[in-house]
Amino acid sequence: MRAAFVLSLITVALLIAASAAGLLFDGLYRGPAATSSMLRAYDLVTLVVIVPALIIGLGGVWRGSVRGLLVWLSMLAATVYTYAYYLFEAAFNDLFLLHVALFACALYALIFGLSAIDTTEIADRFSARTPRRWIGGFLALLALTLGGMWILASVRFALTGQIPVGSVLGETDSLVHLGIALDLAILVPAYAMAAVFLWRRIAWGYVLAAILLISGVVHQIGYLIALPFQVAADVPGATALDPIEPVIAAGFLIATIALLGSARSPRTDPGESGA
């Protein structure tokens, strides 16, 4: 846990430096305007949402808060997922090595953090009335819809050569490819496992569901902010709003509030560690 904390503090410093540079220096991100404007939007969300939440989460863990622990891990997960786009999609830029260091620190902080927690202890902090079935149902729905959509698009490409279309965001073919790869390899299996684990009251289900839901809220915010950023950058076909996205974002937020709202520990002193 000490290594996870140290790496998390380094991650915070690198996040501030990288996101501030991306916002302050025009032209830092090379390549298509669709991608560069999206990355600048993510920089804003990082600076305004991820950094404060990561700091708050670290403080919560120090005080023994299970919610703080879950927020901390979630922000690390959100950072790893987001900065995969900076590393594997963005063209070479002056911040490349900074992004590499940031991605590595967040990834290993997440690994060390997850390996150090007591999932049974965390699961015991949740009320017996936690709405785990409908939260699990929401996660299962995400796995089925997201996975089904991308699998069908991939099969259609194999049969017809038609390149899959991503979201309403203006996206290059390589960006769509990376997004589908990350979703199918990481998010879809994680949604499915979290749903099954919650239904069966397996301890990891509470941890995994919290990480996916909290980081999912951040991802939805990033998507919503990226749309007007692309409009401002005059990206062809850009639109300021995806009509379905607020509904999806609301689903993530409601499920997150319902899950974290049931995380209590009346049997534990406030100063006792939750990790």
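**Helix packing and burial**

Tutor: In this predicted model, helix α1 (residues 2-24) and helix α2 (residues 33-62) have axes that come within 9 Å and cross at roughly 160°.

Student: Why is α1 called roughly antiparallel to α2?

Tutor: Angles over 145 degrees count as roughly antiparallel. The axes cross at roughly 160°, so α1 is roughly antiparallel to α2. The crossing of these two helices is left-handed.

Student: Which residues of α1 and α2 meet?

Tutor: On the α1 side they include Phe5, Leu9, Val12 and Leu23; on the α2 side, Arg40, Asp43, Leu47 and Trp62 are among them. By class, the contact of α1 with α2 has 16 nonpolar, five polar and two charged residues.

Student: How do you know that His219 is buried?

Tutor: Buried means under 20% relative accessible area. His219 has 18%, and therefore counts as buried. His219 lies in helix α8 (residues 203-232). Leaving aside neighbours within four places in sequence, His219 is in contact with Ala78, Tyr81 and Thr82.

Student: What makes up the largest nonpolar core, and which residues have the most contacts inside it?

Tutor: That core has 91 residues, and Trp72, Leu139 and Tyr191 have the most contacts inside it. Helix α3 (residues 66-88) gives the most to this core, with 17 residues.

Student: What is Tyr191 in contact with, leaving aside its neighbours within four places in sequence?

Tutor: Contact means heavy atoms within 4.5 Å. With those neighbours left aside, Tyr191 is in contact with Leu139, Leu142, Ala143, Leu146, Leu212 and Phe252.

Key
Residues are numbered from 1 along each chain as its sequence is written. This is a predicted model: local features need pLDDT of at least 70, side-chain atom pairs count only at pLDDT 80 or more; totals for chains, interfaces and linings use all residues. Side-chain values use heavy atoms; hydrogens and water are left out. Axes are lines fitted to C-alpha atoms, for helices over the stretch in contact, and angles run from 0 to 180 degrees between N-to-C directions. Helices (H or I, at least four residues) and strands (E, at least two) are DSSP runs, numbered from the N terminus. Angles under 35 degrees count as roughly parallel, over 145 as roughly antiparallel, 65 to 115 as roughly perpendicular and the rest as oblique. A crossing is left-handed if the near helix is turned anticlockwise from the far one by less than a right angle, and right-handed if clockwise. Ala, Val, Leu, Ile, Met, Phe, Trp, Tyr, Cys and Pro count as nonpolar, Asp, Glu, Lys and Arg as charged, and the others, Gly among them, as polar. A nonpolar core is a set of buried Ala, Val, Leu, Ile, Met, Phe, Trp, Tyr and Cys residues joined through side-chain atoms within 4.5 Å. Buried means under 20% relative accessible area, exposed over 50%, partly exposed in between (1.4 Å probe, protein chains only).
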